[in-house]
Amino acid sequence: MLESVGALTGSPWIYAVVALSVLLDVFLPVLPSGVLVITAATAAAASTTTVTSAAGEATRQVPSLLALTLCAATASVLGDLVAYRLAWRGGDRLERAIARSRRLTTAQQRLGAALSRGGGVLVVIARFAPAGRSVVSLGAGAAHRRAKDFLPWSALAGVAWAVYSVGLGYFGGQWLGAGWLGTAVSVLALFLAGSLAALVVRRPAHSGQPAPAGAPAGS
């Protein structure tokens, strides 16, 4: 993958590929969007070079780390919004599908309780967990959680995930080299963060009061 992404780093297509992957993985969690973002950032670390020519020295960095981060974060938020709206409109069918899964039902109940208490940190943490983004976005839409309770936390989650992923790729490439070792260690760090996030999301909430039935509906 590193060689394939490396061939795209001199073209704006790298941003389109990253954006499409991140946008769609809310519906297809099997897409390796995190691995792609890390690999692109590692390629950016490799392409930070000083070129000497008759005109002098120039420093070039392709792709731009800032542009890559903004691209991944924006695609993440847009994907969450699309999933949220689609689930909102097809809420009854999705609710029945969720009801058939004990795991999804528990996750949706915890999400509803957290959002109604203003505890949207769960949305941010779930962004790092495998399929957590899908459960949160679709669950919030199906349960008709208010957009103002969900979307700001979704935006924060998208930015945090993008910054973390790009940072892993870039610094992994700087410290370990822009080869398979740097990429593999960075991807491993992303998976470890996902495993920790999954443990936090699955942990039963402790509260002295029963969880509220749900937040007021509306957009």
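Mentor: A salt bridge is counted here when a side-chain nitrogen of Lys or Arg lies within 4 Å of a carboxyl oxygen of Asp or Glu. The model is a predicted one, in which local features require pLDDT of at least 70 and side-chain atom pairs pLDDT 80 or more, whereas totals for chains, interfaces and linings take in all residues. Residues are numbered from 1 along each chain as its sequence is written, and side-chain values rest on heavy atoms, with hydrogens and water left out.

The side chain of Arg133 meets that of Asp80 in a salt bridge, with 2.6 Å from N to O. This pair links distant parts of the chain, since Arg133 belongs to helix 8 and Asp80 to helix 4, 53 residues apart; helices here are DSSP runs of H or I with at least four residues, strands are runs of E with at least two, and both are numbered from the N terminus. Arg133 also forms a salt bridge with Asp25, where the closest N and O atoms are 2.2 Å apart. Because Arg133 sits in helix 8 (residues 132–142) while Asp25 is in the loop between helix 2 and helix 3, this second pair ties together parts that are 108 residues apart in sequence.

How accessible are these residues? The convention calls a residue buried under 20% relative accessible area, exposed over 50%, and partly exposed in between, using a 1.4 Å probe and protein chains only. Arg133 counts as buried because its relative accessibility is 5%, Asp80 is buried at 4%, and Asp25 is buried at 9%. By the distance rule the protein has three salt bridges, and the remaining one joins the side chains of Arg146 and Asp149 at 2.7 Å, N to O. Arg146 is partly exposed, with a relative accessible area of 25%, whereas Asp149 is buried at 15%. Salt bridges that share partners join Asp25, Asp80 and Arg133 into one network.

Asp25 has a further polar partner, for its side chain is joined to that of Ser33 by a polar contact of 2.3 Å; such a contact is a pair of N or O atoms within 3.5 Å in which, within protein, one atom must be able to donate a hydrogen and the other to accept it, and residues adjacent in sequence count only if both atoms are side-chain atoms. Taking contact to mean heavy atoms within 4.5 Å, and leaving aside neighbours within four places in sequence, Asp25 touches Leu31, Ser33, Arg133 and Ser134.

Ser76 lies in helix 4 and is buried, with a relative accessible area of 0%. Beyond its neighbours within four places in sequence, Ser76 is in contact with Val22, Arg127, Arg133 and Gly158. The C-alpha atoms of Ser76 and Ala157 are separated by 8.5 Å, although the two residues are 81 apart along the chain.

The largest nonpolar core holds 23 residues, and Val18, Val37 and Trp161 have the most contacts inside it. Two or more residues each come from helix 2 (13–24), helix 3 (33–46), helix 4 (65–89), helix 9 (147–176) and helix 10 (180–202), with helix 3 giving the most, eight residues. Setting aside residues up to four places away in sequence, Val37 touches Val18, Val22, Leu68, Ala72, Trp161, Ser165 and Val166. A second, separate core of eight residues includes Trp88, Ala126, Ala140 and Ala147.

Of the contacts between residues at least 6 apart in sequence, 76% join residues at least 24 apart.

Terms used: Core = buried A, V, L, I, M, F, W, Y, C linked by side-chain atoms within 4.5 Å.
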